[in-house]
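Please look through the sequence and the model before reading on.

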Amino acid sequence: MADHRFSRGFKSPVLWLFSVQSLIKLCLSILALSAVVVECQIEDTFRAGNSVFSPAVAAARDLRYLLYDINPPEGFNLRRDVYIRMASLVKTLRRHSDWVLVLPPWGRLYHWQSPDIHQIRIPWGEFFSLTSLQGNVPVIEYEEFIAESGGPFIEQVLVLQNYAEGWTDGKWEEKVDQRPCVERLLYSKDKQGYYRGWFWGYEETRGVNVTCLSAQGHASILAPLLQNNITSTSVMLDKAETVLHDHYAGKDYWDTRRSMVFSKHLRLLGDEFRAKYLNSTDEQDQTVYNEDWTRIKNKLGSARGGPYLGVHLRRKDFIWGHREDVPSLKGAVKKIRDLMKKKKLDRVFVATDADEEELEELKRILPEITRFEPTWEDLELLKDGGVAIVDQWICAHARYFIGTSVSTFSFRIHEEREILGFDPKTTYNRFCGDSEKECEQPTHWKIVY
Ligand SMILES: Nc1nc2c(ncn2[C@@H]2O[C@H](COP(=O)(O)OP(=O)(O)O)[C@@H](O)[C@H]2O)c(=O)[nH]1
Ligand SMILES: [Mg+2]
């Protein structure tokens, strides 16, 4: 089937578009409602940060809030990884007191370049299921934090940084120390003596105190300091990616990762697209999903996947550096054709961030390509982040997947497929550079339940 008909610039079938658009609108409008439902569903222990509590109630419970932000150039999927580290830290903190993780609104990401759409102050609920996140650790949206904590003030901002002197004696040791700021602070004092900064585009937010903290080690090394040395109710860690995973790919890592369920409207869109253009449904493909992530425990090899090859072809900054592990378009298409033949798949779904010029070339040399290309109206609703998630969701359901070397976008697809229960052979594959000699394939990280 020549699926290039559904590319941008060509008209998708009117009916499909209509149903998809109204679907998204419906889903977005019930998002607000579902936040209320969420509150009714979560267990008592996880009610900690929910806005059903007035500021007075929150104060009476001695709630403490952990906020965080990440170095501006980092992309969406590395940010998802840092969330896992912060969730782990909050779990550690909660052994002693009532901490809640405040979700940093999405926005101003370098890769979100679609013009004319508003892409800041986006709550997590637009991309992820809050109920699911809350089934792992208590989280609240930033606006709930403002409402609960009685004003747009963050009492203590800690800017994480490496040690100016690097590793001493070439020895790695875990440590944390309050130190002078190594780089220029991205916060400045206003007339009232409060700190102003980016704060996810919330101009009225102010920091009461900002200091730098040199940290080297896993996220939970910050716990004693946050617990014992800092008394502020709200603490924000900036450049939170500085600290590492407590235990990469351990049980706690996977609990948090599994709780990062995509929002239902995005999953539905991906599913509709699969059914319409890729002859793929959960029943046929043995990928039936459970809304409750704690109940998903699929055996590897149980998922069959839709009758198409899923491809993540990362371009842009990955080719500008002429990295040797990234193929030319021609090289990629050659590999795609090989795989389609070998795996007896006559459809190929490609997720890519290629620019217009490369896209044209790609369509020319791979005319049977299928892509998810929303209309402008869809894009305005989904935003670049939502479109990328739909791309990931569709790749996650393919019978066979191949991604791009060291792309966190591809890594997140691996994890999604691992959760769905695919045979690892169909997942941990990547393109090789045209003249790459040792083309090491991605590592299989098994879920620890
Ligand atoms: N829709 C879509 N966006 C992509 C794709 N590949 C990359 N991007 C965009 O580029 C960003 C890449 O940054 P990041 O998520 O950090 O992944 P990484 O840089 O590949 O490790 C993504 O977040 C998307 O915004 C793709 O296949 N589809
Ligand atoms: Mg990136």
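A residue is called buried under 20% relative accessible area, exposed over 50% and partly exposed in between (1.4 Å probe, protein chains only). By that rule Phe-349 is buried, with a relative accessible area of 0%. This is a predicted model, in which local features need pLDDT of at least 70 and side-chain atom pairs count only at pLDDT 80 or more, while totals for chains, interfaces and linings use all residues. Residues are numbered from 1 along each chain as its sequence is written, and side-chain values use heavy atoms, with hydrogens and water left out.

**Aromatic pairs**

- Rings of Phe, Tyr and Trp (its six-membered ring) pair if their centres lie within 6.5 Å; planes under 30 degrees apart count as stacked, over 60 as edge-to-face and the rest as tilted.
- The count of aromatic pairs comes to 25.
- Phe-76 and Trp-106 have ring centres 4.4 Å apart and planes at 40°, so this pair is tilted.
- Phe-76 is buried at 7% relative accessible area, and Trp-106 is buried at 4%.
- Phe-273 and Phe-349 form an edge-to-face pair, because their planes stand at 70° with the ring centres 5.9 Å apart.
- Phe-273 is also buried, at 2% relative accessible area.

**Ligand 1**

- A polar contact is a pair of N or O atoms within 3.5 Å; within protein, one must be able to donate a hydrogen and the other to accept it, and residues adjacent in sequence count only if both atoms are side-chain atoms.
- A polar side-chain atom of Asn-77 is 2.7 Å from an oxygen atom of ligand 1.
- Asp-391 places a polar side-chain atom 2.8 Å from a nitrogen atom of ligand 1.

Notes. Chains lettered and ligands numbered in written order.
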